[in-house]
Amino acid sequence: MTVMTAAAIEEFLDEVFPHRQGTIEGVGEMRATMSLAIEDEHLRPGGCISGPTLMGLADVCLYVAILAQIGPEPMAVTTDFNCHFLRRARGDRDLIANAHIVKLGQRLAVGEVRLFPAGDEEPVATVTATYALPDESDDD
């Protein structure tokens, strides 16, 4: 069951993570979708989307999926991140990220993210990542 809407997460992120990139398109049960309008700053030589852009959107998208499940938590942090670049990410289309939480525990959340150019069904990259979730006693 989701505990935060996409609009509530956007508002929360504007406060605690204003420099993030991408727009939340939707959240659901253990899922989130985001998009990123590609601009020149996201491109590398040859006109393809840079690796850091792909990885950044994937990381934020998984964070959004987690927030939708656990509520506003600024101290949920990435502890492991593995990205496989599958093919060239064309820079003439927006980038779409689909995150799915595989396991949501009390201390860790593990998820997968697939990244696609808008309008394409074949991913350009896949990510697996783990987030550490703070213990309630960490608030002291």
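This is a predicted model: local features need pLDDT of at least 70, side-chain atom pairs count only at pLDDT 80 or more; totals for chains, interfaces and linings use all residues.
Local features were considered at pLDDT of at least 70 and side-chain atom pairs at pLDDT 80 or more, while totals for chains, interfaces and linings use all residues. Numbering starts from 1 along each chain as its sequence is written, and side-chain values rest on heavy atoms, with hydrogens and water left out.

The second largest pocket has a volume of about 180 Å³. Here a pocket is an open set of points on a 1 Å grid over the protein atoms alone, where a 1.4 Å probe fits, with protein on both sides within 12 Å along at least five of seven lines; lining residues have an atom within 4 Å of a point. Points are joined across faces, edges and corners, and the volume is the space filled by probe spheres set on them. Strands β2 (31–36), β6 (95–104), β7 (108–117) and β8 (125–132) each supply at least two lining residues (strands are DSSP runs of E, at least two residues, and helices runs of H or I, at least four, numbered from the N terminus). Among the lining residues are Arg31, His100, Glu112 and Thr128.

Turning to the helices, Thr53 is found in α2 (residues 51–70) and is buried, with a relative accessible area of 11% (buried means under 20%, exposed over 50%, partly exposed in between; 1.4 Å probe, protein chains only). Beyond its neighbours within four places in sequence, Thr53 is in contact (heavy atoms within 4.5 Å) with Leu36 and His42. Glu11, in α1 (residues 6–16), is exposed at 61% relative accessibility. The C-alpha atoms of Glu11 and Glu121 are 30 Å apart in space, and the two residues are 110 residues apart in sequence.
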